[in-house]
Structures are given as C-alpha cells and as structure tokens.
Amino acid sequence: MFIGLYNYWVVIVLMMVGFYIVIAHGNLIKKIVGLSIFQTSVFIFYISMAKVDGGSAPILADEINQYSNPLPQVLILTAIVVGIATTALALALAVRIKEAYGSIEEDEIQKQDNLD
Amino acid sequence: MKDLLAVAMLLSIYGLLSASFFVAMDAVDVAFTEASVGAGISTLLMLVAISMTGRAEHPSRHKPLLALAVVIVTGSLLIYGTLDMPYFGSAEAPIHQHIAPRYINDSMQEIGVPNIVTSVLASYRAFDTFGEVVVIFTAGMGVLALLSVVRRSPVDIAKIVLFNDAMHERHLILRIVTKIMIPFILLFAFYVQFHGDFGPGGGFQAGVIFASAIFVYTMLFGMNTARRVINQSFIQVLAAIGVLLYGCVGVVSLFNGKKFFDYSALAIDPVAGQHLGILFIELGVGLTVASVMVIIFFNFAGRNETPRNSDKQDL
C-alpha cells in the first residue's frame, strides 16, 4: 500500500549516497561530486512531486486539459544553473587549496595546519 | 572508486540519465537545462579541475562504519517522514491545489505565452529569477577573484603556443568536424533563446548552449586563439550588462506606475507589454549565463596553462 511513495524513497537513497560521499571521503573533489548528487536528488524530489498522472508537459495546447505542475519546474530550472555556478566556485576553491597546500586530501591539509 | 576521471565521467552519465528522467516527468525545460549543464558543462569543469588537482584519490583513513551508521539513521528517519506524503502522480496532492491552477488556467489571458514555465519564470516570479541571476553573476565574480590569470612572460606564452599547435595538428578530423558544428550550435542557442515562449527553452538553456560552443572552440584551438576571438574584459562587461538589463526592465515598469517587474506597463496593450518584458528578461538572463560560464571556463583553463602547473606529475 505504500508502493505509491516509491519516488520519495528513490530520492532518499540518492540523497543518502551523496551524503555518505560528503562525510566519508577526504578528497575535496569527491566531496563536491557528493554534493552535486545530493543536489540532483532534491531536483528529482521537486520534479517527481510536480508530475500528475495523465498530465502533459506544461505548454498550453488546445487538445490537452491535464498539465503537470509548472511551478516546481521553474524553481528547479533556475536551481540547476545556479547549482553549476556554485559548483564551479567550489572547484575553484579546491584548485586554490591544491596550490596552497599541494594536496586536496582533508587529513593532509589538517596535518599541515597543525604543524604551523 | 579511486580514479577521479572515472568519477567525473560517471557523473556525466548520471546527469544525462536524470535529464531523460525529467523528460519522463513532463519537465521538458528542466530536462533541457540538465542535459546541457549536468552532462556537458559540469563534466568539463570537473575535468579541468581534476587536471589541476591530480586524478588519484588517496586511500581513505576514515572509518566508514560511523558514516554509514549516520547515513542509515538519517535515511530511515526521512523514509518514516514520507509515510503520510501524497502518492506519486496523484492529482489531489496539496501542491497541485494552491497556486498552480491559476498559472495553468489564466496565464494564456494574462501573459499570452503558451509555455507556462516561461511565463511563471519570467513574469509571475520574475523577482525570484532576478535573485538567481544575481547569484550566478556573483559566483562568476567569485571564480574570477579566486582564479584570475596572472600575467606571464612572453617566453612562456611562446612555449604554450608551440605546444598547442603541435597538439592541434594531430586532431585534424576532430578540428574540421567541430568547426562545421560550431555555427549550428550557436544558431541553435539563438533558436532556444527566442523560441522559449512557445516551446521548451529560454535564457538559461540558451546561455549554457552558447557558452558550450565557445568551450568546444577553446578546447580545440587553444586558449590563446580563443582569447584573440573573445575579449575577456568584454565578456565581463557583458555579464554585468545582462544583470543590469534585467534590473532595468523592473525599474522601467516601476517608473511607469506599476509594480517592480509588472511588464504590462511596458506597452499600451498589457499582453504586448508582457511579451516585450519577457523578451528583455530572457535576453538579460541569456547574456549573464553565457558570459559567466565563459568567464568560469576561461579562468579555469587559463590557470591550467600557467607554468606553475605545467610540471604536473599525475597526468
């Protein structure tokens, strides 16, 4: 009877995969990858909530009378582009950290910081 | 997986898969964006970053069991939270009752644009979108501040040019095929930009597609050729002009006695005003997104060429 909720469970599994990568890996690039998987899971959450059974894409046409919800799609559309811009910023930070510390592994950076 | 190159490739495939999932969920505009961003640009940026930071991940000394426990507990709490959520695809869900019916029923009379996503994005929620554009602009400026390229001595530049020329001679077929494709990519970007009212598309997608044409050009002909074609400071000014254009449309409607971003003030006929407003807004979005993406890519790639990083051991 709970099978109709499977879309949320897929989202939660993806979200937890991203979360695990962020907390269990020391490599900064891996962490950014984990964050972007987490991010996509939220996108999928919004988009799957917008879907209506038998609905069509929200572009008005004469012979269609059931549309999926356009509002979450608008929010996610802009969020994707904002997401890539912020990911680029994170990657830029990782590159600068590599130049400053010679490593992007969390524990090595911490070790160098402790030496000073 | 310890090889970050493989991770980046898998992320690209994941982006493409989620784009096709969005098509299945009726979100064509979103799918369009995800296909160009998730499968294209993010992979590219990831690869450039990996080429600078090294592609091997060190074996982790963390204890994965603790992380796994945290993840499982959080996941099961979240699943418990979904138990009273509305079923997938149900038309009675609260989300479909609140404001969506108005967008679906009235947007044709009020905005006159068949693509509801465009009319919500550019007109009903123009203020939100303005915020998003400012965030993109700020991120572009952040990358610029972090990675802006240091001036090099002429000897180094000559060395790089020599290296690039040698590389490009080897990829003759690739170079010619891409050269033929680039005008079509640019044309398609313009089509997406101006057809966004009627079909999937709009400023965000068009900006990303336009930028990807420039990326392809840069990858094949080298940074120095690309710098000669595209003036860096011009692109930076263009990014700012996009945001300004967007904001000015709002201010103009304010001066005409309507609310901020109420485009019906722009022409005598309210619907014509809406069309005009959406056209300008999408143009502003497209300009900003395209130029910010180019700024980001140029700064990453330019960083990669500096002599400090040329003695990479991993690649």
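Two residues are taken to be in contact if their C-beta atoms, placed from the backbone, lie within 7 Å. The structure examined here is a predicted model, in which local features need pLDDT of at least 70 and side-chain atom pairs count only at pLDDT 80 or more, while totals for chains, interfaces and linings use all residues. Residues are numbered from 1 along each chain as its sequence is written, and chains are lettered from A and ligands numbered from 1 in the order in which they are written.

Chain B is divided into domain 1 (1-87) and domain 2 (115-315), with bounds that come from an automatic or database domain assignment. Between these two parts, 17 residues of domain 1 of chain B are in contact with 19 residues of domain 2 of chain B. On the side of domain 1 that touches domain 2, ten residues are nonpolar, five are polar and two are charged, where Ala, Val, Leu, Ile, Met, Phe, Trp, Tyr, Cys and Pro count as nonpolar, Asp, Glu, Lys and Arg as charged, and the others, Gly among them, as polar.

The secondary structure of chain B comes to twelve helices and zero strands; helices (H or I, at least four residues) and strands (E, at least two) are DSSP runs, numbered from the N terminus. Of the 315 residues in chain B, 40% are buried, a residue being buried if 20 or more other C-beta atoms lie within 10 Å of its own, exposed if 12 or fewer, and partly exposed in between. Among the contacts in chain B with a separation of 6 or more, 73% join residues 24 or more positions apart.

Helix 2 of chain B has 26 residues and reaches 36 Å from its first C-alpha to its last, close to the 38 Å expected at 1.5 Å a residue, the expected span being 1.5 Å times one less than the number of residues. This helix has a kink of about 30 degrees centred on V37(B), the bend at a residue being the angle between axes fitted to the seven residues ending there and the seven starting there. Because 23 of its 26 residues are buried, helix 2 of chain B is largely enclosed by the rest of the structure. The helix is followed by G54(B), whose phi is positive, near 95 degrees.

Within helix 2 (residues 28-53) of chain B lies F32(B), which is buried, with 26 other C-beta atoms within 10 Å. When residues up to four places away in sequence are not counted, F32(B) touches P200(B), G201(B) and Q205(B). The C-alpha atom of F32(B) is separated by 7.1 Å from that of A19(B), 13 residues apart along the chain.

Between the chains, 74 residues of chain B are in contact with 64 residues of chain A.

A49(B) touches I29(A), L91(A), A94(A), V95(A) and F300(B), not counting residues up to four places away in sequence.
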